[in-house]
Amino acid sequence: MKGTFPIDKFAKMQTPFYYYDTDLLRETLRTINAEAGKHPNFVVHYAIKANANPKVLNVICQAGLGADCVSGGEIQRCVETGFPASKIVYAGVGKSDWEINLGLDRDIFCFNVESIPELEVINELAGKKDKVARVCFRINPDVGAHTHANITTGLAENKFGIAMRDMESVISEAEQMAHVKFIGLHFHIGSQILDMGDFEALCNRINQLQDQLEQHHIKVENINVGGGLGIDYNHPNRVPIPDFKSYFDTFAHHLKLREGQKLHFELGRSVVGQMGSLITRCLYVKQGTAKQFAIVDAGMTDLIRPALYQAYHKIENLTSDEPVETYDVVGPICESSDVFAKAIDLNKTHRGDLIALRSAGAYGEIMASQYNCRPLPKGFITEEL
Ligand SMILES: *Cc1c(COP(=O)(O)O)cnc(C)c1O
């Protein structure tokens, strides 16, 4: 089964480009709001880093989600889009002074702080402005997610977050500071997580930590469990919307929230992954000795995930119904890792055929580069075609 695309419109367009199916995006956002909305204390933020295309952000902002930023540039983009500052959270191990100042000037909801030196700088910069910065501490819960090693972030020895054993001393340190206010705990265990058991393990760990804090009479207003829910890269047509019901229910069942506590989520990939495809044209079909190559006009500069993480993207020939043959699908970049897929089945492919790389809405366009002096790919939403 192939996806449905406005192929007649694509036919006139310069490739490669990203196509964003805003009907699917809106349906995904409705599902998120419906499932999270069953729990009045759940607050959902969108992780901007997955896709910061202004037209996509606009749709997400209109659905009422908050924003999770990891840089000053992202805070800027959010503010321009219209996300209210009161719904912006800001994480990152290396926040520079201008980025912290921007967050203070905009009066964002919260800084997710990852170390004591960072806390000291935020306190100092907020002091100069005579402000009080709201802070959450990113705690490293030492929970491993069953995902690619490059995208696991919650294990003990990791650049992200503060170790659990330091949690109480960091909180009491913050309580001594005049220009920061401790408002909660933040966690993020990794990405592309499909096993709800990983999130259950996170819940159990948070329950332990909360018991511990309660013994020290430390009050926590907000718990933020980060993002990480995965998508089905193998079946973008059969599973276009991730299982948000199981996801939110896992937290509702396993996390013991205290009276009045808010539970925040920061979803990236699961919001935008399936609605995006990279559309490319076949330039040449080249016969090798033992295989054939479909050489396309998109490369690792447009979509780096296969080269960077050996990620799989389903590939469809949108303009051929001829019997399938086996191809290596490769890009034009001068790097041997510029390969989208090896030995995959595609309908018999010819020069000029339109090819879709599916499930490319997250960590696609935003990671594009100009290596080889290539122009950056453009992104189009359904309404623009
Ligand atoms: C990347 C990131 C997210 C989003 O991750 P997804 O896997 O795309 O949902 C959320 N929170 C933080 C702190 C992140 O770094």
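Helix H5 (residues 97-106) packs against helix H6 (residues 116-128) at an angle of about 55°, and their axes are 10 Å apart. That angle makes H5 oblique to H6. Keep in mind that you're looking at a predicted model.

**Where H5 meets H6**
- Going past H6, H5 makes a right-handed crossing.
- On the H5 side, the contact comes from Asp97, Ile100, Asn101 and Leu104.
- H6 brings Val121, Ile122, Leu125 and Ala126 to the contact.
- Sort the residues of this contact by type and you get six nonpolar, one polar and one charged.

**A ring pair across the chain**
- The structure has 18 aromatic pairs.
- Take Phe199 and Phe251: their ring centres are 5.7 Å apart and their planes sit at 50°, so this pair is tilted.
- This pair links distant parts of the chain, with Phe199 in helix H8 (residues 196-215) and Phe251 in helix H9 (residues 244-254), 52 residues apart.
- Phe199 is buried, with a relative accessible area of 0%.
- Phe251 is buried too, with a relative accessible area of 1%.

**A ring pair within H9**
- Phe244 and Phe248 have ring centres 6.3 Å apart and planes at 25°, so they count as stacked.
- These two are four residues apart in helix H9, which means about one helical turn separates them.
- Both Phe244 and Phe248 are buried.

**The bigger picture**
- Ring pairs join Phe42, Phe199, Phe244, Tyr247, Phe248, Phe251 and Phe265 into a cluster.

Conventions. Residues are numbered from 1 along each chain as its sequence is written. This is a predicted model: local features need pLDDT of at least 70, side-chain atom pairs count only at pLDDT 80 or more; totals for chains, interfaces and linings use all residues. Side-chain values use heavy atoms; hydrogens and water are left out. Axes are lines fitted to C-alpha atoms, for helices over the stretch in contact, and angles run from 0 to 180 degrees between N-to-C directions. Angles under 35 degrees count as roughly parallel, over 145 as roughly antiparallel, 65 to 115 as roughly perpendicular and the rest as oblique. A crossing is left-handed if the near helix is turned anticlockwise from the far one by less than a right angle, and right-handed if clockwise. Contact means heavy atoms within 4.5 Å. Ala, Val, Leu, Ile, Met, Phe, Trp, Tyr, Cys and Pro count as nonpolar, Asp, Glu, Lys and Arg as charged, and the others, Gly among them, as polar. Rings of Phe, Tyr and Trp (its six-membered ring) pair if their centres lie within 6.5 Å; planes under 30 degrees apart count as stacked, over 60 as edge-to-face and the rest as tilted. Buried means under 20% relative accessible area, exposed over 50%, partly exposed in between (1.4 Å probe, protein chains only).
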